Amino acid sequence: MYFKEILSSGIIITNAGGISYLPKRKKQKIINTWHGGGPYKKTSTDVYDNYWYRKEVKMNCDNTDYILSSCRYFTEKEAHSMGFEAKRCIPAGLPRNDILFGEHQEIIQKVREYYSISENKKFILYAPTFRSSSNQSTSKMISNYIDLDIDSLLSALKAKFGFEWSCGIRLHPKLSDIDMSGMNVINCTTYPDMQELLCCADAVITDYSSLMWDYSFTYRPIFLYASDIEQYERERGFYMPVSEWPYPIAHDNEEMRKNILNFDKELYIKNIKKHHIASGSFETGKACAKVIELIEG
């Protein structure tokens with residue numbers, strides 16, 4: 001069924017690598033909305049440099065009519081690593097982020113009811129990026145992904161913001177079988193829509209995930225917990241130096257606690273706005289309308 005639909009559809013929208021292994025019909029239109037914005041971790045041929053991967057990337061690129069770009073950095077660095085010339089990069093932001101430019105109280109209520117989060121509690125979401133080398137035992141994966149001290153985190157949040165907090169953890173779908181029982185957290189890994197979780201969250205924690213770009217347009221607190229940043233930068237690398245990111249970065253649990261207690265909302269928002277300008281942000285909350293225009297054009 002999949003192959004039939006791909007070969008017969010007039011419009012194909014993807015947020016991943018594209019369609020490299022199937023022929024594209026002359027009147028087909030393929031639009032890539034990509035799955036991560038901003039100027040952060042390196043990707044594509046900037047990470048995986050071998051003949052067969054480059055060949056697949058070129059085939060993906062040749063089959064794709066347009067790719068949406070979140071910012072100037074993406075066009076110049078990440079899209080370029082995937083073989084796209086600037087003329088095929090649409091400076092409209094990502095459709096997935098349009099939802100974050102409004103309040104959407106109905107979505108907040110939907111998520112809170114889904115996880116039975118009481119009205120008098122705030123909600124923080126912890127979503128670390130996927131490590132492709134995680135073909136390890138479950139216990140090893142837990143220590144790699146969830147070495148954040150949840151009790152210390154919740155205590156610091158209450159001391160700083162004056163509310164009780166619930167913490168949700170969302171891992172990559174490939175890690176959905178990790179057991180979080182007994183951890184004083186809500187397992188959000190299988191929730192079907194990440195952007196709805198971001199709508200609901202009063203704050204987020206990540207390490208290197210591009211969700212920090214998405215969520216930054218809410219101007220709510222983003223804290224980075226990056227205990228393995230030296231190793232990650234050595235093995236993967238970043239487009240924009242970490243020193244230029246606007247988010248408080250912690251390398252251990254004590255530093256995370258201090259970052260929360262010392263959080264300055266006014267300075268944080270000021271730095272986020274500077275970051276959007278420095279990155280050349282194209283996000284306006286109207287990317288979906290641009291995709292419709294591309295479809296109809």
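Student: Which residues form one aromatic cluster?
Tutor: Tyr40, Tyr208, Tyr232, Phe238, Trp245 and Tyr247 do. Rings of Phe, Tyr and Trp (its six-membered ring) pair if their centres lie within 6.5 Å; planes under 30 degrees apart are stacked, over 60 edge-to-face, and the rest tilted.
Tutor: Ground rules: this is a predicted model, where local features need pLDDT of at least 70 and side-chain atom pairs need 80 or more, while totals for chains, interfaces and linings use all residues. Residues are numbered from 1 along each chain as its sequence is written, and side-chain values use heavy atoms, leaving out hydrogens and water.

Student: What does Trp245 touch?
Tutor: Tyr40, Asp207, Met212, Leu224, Phe238 and Met240, leaving aside residues up to four places away in sequence. Contact means heavy atoms within 4.5 Å.

Student: And which residues in the largest nonpolar core touch the most other members?
Tutor: Trp245 again, with Leu125, Cys167, Ile205 and Tyr247, out of 76 residues. A nonpolar core is a set of buried Ala, Val, Leu, Ile, Met, Phe, Trp, Tyr and Cys residues joined through side-chain atoms within 4.5 Å. Buried means under 20% relative accessible area, exposed over 50%, and partly exposed in between (1.4 Å probe, protein chains only). A second, separate core has eight residues, including Leu68 and Ala287.

Student: New topic. Which residues of helix 4 are buried?
Tutor: Ile107, Ile108, Val111 and Arg112, in a helix that spans residues 105-114. They sit on the same side of helix 4, because they cover an arc of only 130 degrees around the axis. The arc is taken from the directions from the helix axis to the C-beta atoms. Helices (H or I, at least four residues) and strands (E, at least two) are DSSP runs, numbered from the N terminus.

Student: What do they pack against?
Tutor: Strand 5 (121-126) and helix 7 (194-200).

Student: Which residues are exposed on the other side of helix 4?
Tutor: Glu106, Glu113 and Tyr114.

Student: Back to rings. How many aromatic pairs does the structure hold?
Tutor: It holds 18. One is Tyr2 with Phe3, edge-to-face at 5.3 Å centre to centre, with 80 degrees between the planes. Tyr114 and Tyr115 also pair edge-to-face, at 4.8 Å and 80 degrees.

Student: Is Tyr115 buried or exposed?
Tutor: Buried, at 14% relative accessibility. Tyr114 is exposed, at 53%.

Student: What lies over the face of Phe163?
Tutor: Lys122, at 4.8 Å from the ring centre. For a charge over a ring, NZ of Lys or CZ of Arg must be within 6 Å of the ring centre and within 35 degrees of the ring normal. The charged end of Lys273 sits over Tyr219, 5.9 Å from its ring centre.
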